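Dear colleague,

I am handing over the structure we spoke about, with the sequence alongside, and below it you will find an account of what turned up when I went through it.

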Amino acid sequence: MLVKITDYNRGEVNFVTYQVSDLSLEQLNFLKDNLGEETDIVGDDLLIKMYFEDELYPFQSDVAKFRIDDFVAREEIEMNIFLSSFLEDM
């Protein structure tokens with residue numbers, strides 16, 4: 001499984017969009033049907049859009065503004081771990 005952040009925004013609505021690839025059709029459908037977030041299947045990929053309150057937004061700190069690549073990479077790893085553990089229940 002590969003997780004990539006394709007879009008994010010901090011403003012009136014804080015969100016992060018994750019693109020998840022290299023999943024089987026069964027895994028795609030399981031995640032789409034069981035995640036509580038906004039999801040969509042595009043081609044062979046699952047798109048997950050998560051909304052955050054200001055204090056929980058992963059790129060809120062001043063350090064994130066200067067080291068955004070590090071923060072994005074960490075968030076992709078964390079989402080990969082979360083989805084992997086979620087798929088164990090499949």
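A charge is said to sit over a ring if NZ of Lys or CZ of Arg is within 6 Å of the ring centre and within 35 degrees of the ring normal. By that rule the charged end of Lys49 sits over the ring of Phe15, at 4.2 Å from its centre. Please keep in mind throughout that this is a predicted model.

To begin with the sheet, it is an open one of four strands in the order β1-β2-β4-β3, and the pairing is antiparallel. The edges are taken by β1 and β3 (38–42), each of which has a single partner strand, so one side of each is left without a neighbour in the sheet. On average, and with direction ignored, neighbouring strands of this sheet are turned by 20° against each other. Helix α3 packs on the sheet, where it touches β1, β2 and β4, and its direction makes about 125° with that of β1.

Going through the strand pairs one by one, β1 (residues 2–9) is joined to β2 (residues 14–21) by seven bridges, and these two strands form a hairpin with four residues between them. Within this pair, Leu2 has Ser21 of β2 as its bridge partner, while Tyr8 stands opposite Val16. Strand β2 also pairs with β4, over seven bridges in the antiparallel sense, and there Thr17 stands opposite Lys49, the residue whose charged end was placed over Phe15 above. The pairing of β3 with β4 is likewise antiparallel and runs over five bridges, with Ile41 opposite Leu46. As for β2 itself, seven of its eight residues are buried, so this strand is largely enclosed by the rest of the structure.

Turning to the interior, nonpolar side chains tend to be buried together in soluble globular proteins. In this model the largest nonpolar core has 22 residues, and those with the most contacts inside it are Val16, Tyr18, Val20, Leu31, Ile48, Phe59 and Leu83. At least two residues of this core come from each of β1, β2, α1 (25–34), β4 (45–52) and α3 (68–87), and α3 gives the most, with five residues. If its neighbours within four places in sequence are left aside, Leu31 is in contact with Leu23, Leu46, Leu83, Phe86 and Leu87.

The aromatic residues deserve a paragraph of their own, as the count comes to six aromatic pairs. In one of them, the rings of Phe15 and Tyr51 have their centres 6.5 Å apart and their planes at 55°, so the pair is tilted. This pair links distant parts of the chain, with Phe15 in strand β2 and Tyr51 in strand β4, 36 residues apart. Phe15 counts as buried because its relative accessibility is 11%, under the cut-off of 20%, whereas Tyr51, with a relative accessible area of 41%, is partly exposed. Phe30 and Phe86 also form a tilted pair, 5.8 Å centre to centre and with 50° between the planes. Since Phe30 lies in helix α1 and Phe86 in helix α3, this pair ties together parts that are 56 residues apart in sequence. Phe30, at 18% relative accessibility, counts as buried. Finally, ring pairs link Tyr8, Phe52, Tyr57 and Phe59 into a cluster.

With best wishes

Terms used
Residues are numbered from 1 along each chain as its sequence is written. This is a predicted model: local features need pLDDT of at least 70, side-chain atom pairs count only at pLDDT 80 or more; totals for chains, interfaces and linings use all residues. Side-chain values use heavy atoms; hydrogens and water are left out. Two strands pair if DSSP finds at least two bridges between them. A nonpolar core is a set of buried Ala, Val, Leu, Ile, Met, Phe, Trp, Tyr and Cys residues joined through side-chain atoms within 4.5 Å. Buried means under 20% relative accessible area, exposed over 50%, partly exposed in between (1.4 Å probe, protein chains only). Contact means heavy atoms within 4.5 Å. Axes are lines fitted to C-alpha atoms, for helices over the stretch in contact, and angles run from 0 to 180 degrees between N-to-C directions. Rings of Phe, Tyr and Trp (its six-membered ring) pair if their centres lie within 6.5 Å; planes under 30 degrees apart count as stacked, over 60 as edge-to-face and the rest as tilted.
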